[in-house]
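Please look at the structure below. The discussion after it sets terms against their definitions.

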Amino acid sequence: MPDRSDTVPALPGEAAPSSRPQDRPKDRKVFIKTYGCQMNVYDSERMSDVLGDMAFSETETPEDADLVILNTCHIREKAAEKVYSELGRLRLLKEERAKAGKETVIGVAGCVAQAEGEEMIRRAPVVDMVFGPQAYHRLPQFLEKAARGERGLVETDFPVEDKFDELPAAKAQKTLARGKTAFLTVQEGCDKFCTFCVVPYTRGAEYSRPVSRIEAEARRLVDAGVREVTLLGQNVNAFHGEGADGKPWSLGRLVTVLADIEGLERIRYTTSHPRDMDDELIQAHGAVEKLMPYLHLPVQSGSDKILEAMNRQHTAESYLRLIERIRKSRPDIALSSDFIVGFPGETEEDFEATLALVREVGYAQAYSFKYSPRPGTPASNEEVQVPEEVKTERLARLQALLNEQQNVFNASCEGRTLPVLFDRKGRKPGQLVGRSPYLQSVHVEAPEEFFGQLVPVKILRGGANSLEGALAASLAAE
Ligand code: SAH
Ligand code: SF4
Ligand code: F3S
């Protein structure tokens with residue numbers, strides 16, 4: 001399976017390792033390393049599906065790979081730099097393998113590929129092919145060209161055809177079920193153009209898949225054993241895919257339809273924009289039991305001046321009112337967010353407004369980052385950049401508050417009995433790990449046959465990053 005070690009921590013629905021049916025001999029090996037967001041995890045799995053059809057099997061180490069693909073992230077400078085250090089290591093590896101008479105093709109996919117294109121090959125000549133997220137269905141052609149000795153292939157167009165149509169669907173039944181939880185991309189791209197963000201440039205304009213396709217993919221996943229799907233999109237609640245009546249359907253309506261699939265127990269979605277939380281979606285949180293009471297709704301800042309400079313199209317007050325409406329619909333909803341500190345022009349007062357907003361909302365979980373100027377984005381040209389040491393100090397203060405809130409939330413679960421979907425084995429023998437409805441990891445001593453099951457668990461301890469519990473049934477039997 002793709003190496004996920006560098007992906008965003010605590011991803012919802014990280015699938016547990018599982019072996020896939022090897023239905024025919026595979027004679028070449030591919031190593032895929034995935035960086036960045038859940039969409040990249042999903043895309044890596046789809047690339048692996050396409051390659052599986054071309055007699056490639058996946059390997060866990062680049063040393064024995066005939067093909068190495070880095071599926072990259074461009075969101076912050078550090079993310080992009082990681083790719084170049086990895087390419088440095090791969091250059092040595094390629095030379096080693098060449099001495100032993102083995103060829104290695106190196107491909108770079110994802111958002112750095114899309115943003116840098118040919119520049120990548122100039123900077124890292126070890127790279128044989130560079131292709132953006134809209135080109136994955138053309139992997140077979142790229143590989144044919146590479147086999148003919150072509151190098152320096154660059155494909156970063158946004159083609160008119162829908163890659164989802166082109167990616168083979170039938171195989172998903174066998175291969176996508178890598179666990180009991182799965183990602184399902186329903187929307188891609190973004191039209192919001194927040195002034196700090198590269199996504200509209202690397203992923204292109206907003207596009208929603210038709211409801212019938214999504215439903216069919218969800219059914220295939222469920223048939224293959226999946227019990228929880230996380231609907232993905234860079235701006236997922238802007239979803240407006242064509243519905244059964246030929247009209248655009250909202251995400252709320254999509255969730256309601258998917259909830260009718262028998263065997264599908266849980267639905268999540270990420271990532272949302274506050275501007276696109278419509279009534280239908282808010283109501284779905286109250287009405288659809290399978291929709292989990294957890295919402296990642298990034299606010300980025302609590303200062304209206306900064307929100308405007310970021311082009312977020314909402315104020316701190318409108319965000320707070322929105323949260324109120326969501327909580328009215330689903331009182332126990334756990335909220336999560338992303339924050340950027342040190343955006344150009346951010347004063348101490350602006351930053352304190354962010355702290356005040358955090359105190360008012362009370363988050364269950366959150367990610368926070370120092371602003372990182374990205375080439376080509378409007379904010380990177382601002383002259384008033386915040387000094388690094390100020391960013392570091394603000395990030396520490398914000399994270400202390402967010403961690404405190406996370407601790408409070410986790411501790412508040414102690415004594416409750418929560419349904420947990422076991423999707424991983426624990427580090428300790430005899431231990432299984434699963435997710436609570438609020439996306440917390442829950443560690444439980446449980447027999448292996450509980451793997452993949454949704455089981456009531458009594459929460460005994462709420463730690464900083466996870467919960468510990470015991471099977472409610474075994475406690476009742478004592
Ligand atoms: N579509 C989502 C976010 C996608 S990017 C949304 O609208 O919120 C994930 C997170 O990375 C963002 O929410 C933001 O907090 C962070 N991020 C994006 N660009 C950044 C930059 N230039 N510097 C620091 N953090 C950034
Ligand atoms: Fe980036 Fe999200 Fe803003 Fe789109 S809405 S530009 S993905 S931060
Ligand atoms: Fe990174 Fe691209 Fe996702 S920039 S966060 S991999 S959309």
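Predicted model: local features only at pLDDT ≥ 70, side-chain atom pairs only at ≥ 80, totals over all residues.

Residues are numbered from 1 along each chain as its sequence is written, chains are lettered from A and ligands numbered from 1 in the order in which they are written, and side-chain values use heavy atoms, with hydrogens and water left out.

Q: Which residues of H13 are buried?
A: Buried means under 20% relative accessible area, exposed over 50% and partly exposed in between, with a 1.4 Å probe and protein chains only. The buried residues of H13 are Ala316, Tyr319, Leu320, Leu322, Ile323 and Ile326. They cover an arc of only 160 degrees around the axis (taken from the directions to the C-beta atoms), so they lie on the same side of H13. On the other side of H13, Glu324 and Lys328 are exposed.

Q: What covers the buried residues of H13?
A: By contact (heavy atoms within 4.5 Å), the cover includes helix H11 (279-287), strand S14 (334-341) and helix H14 (348-361).

Q: Why is the pair of phenylalanine 196 and phenylalanine 343 called edge-to-face?
A: Rings of Phe, Tyr and Trp (its six-membered ring) pair if their centres lie within 6.5 Å; planes under 30 degrees apart count as stacked, over 60 as edge-to-face and the rest as tilted. Here the centres are 6.4 Å apart and the planes stand at 85 degrees, so the pair is edge-to-face. Both phenylalanine 196 and phenylalanine 343 are buried.

Q: Why is the pair of phenylalanine 343 and tyrosine 371 edge-to-face?
A: The ring centres lie 5.4 Å apart with planes at 70 degrees, so the pair is edge-to-face. Tyrosine 371 is buried, as is phenylalanine 343.

Q: Which residues are around ligand 3?
A: A residue is near a molecule if one of its heavy atoms lies within 4 Å of it. The residues around ligand 3 include Cys37, His74 and Arg203.

Methods
Helix = DSSP H or I, 4+ residues; strand = E, 2+ residues; numbered from the N terminus.
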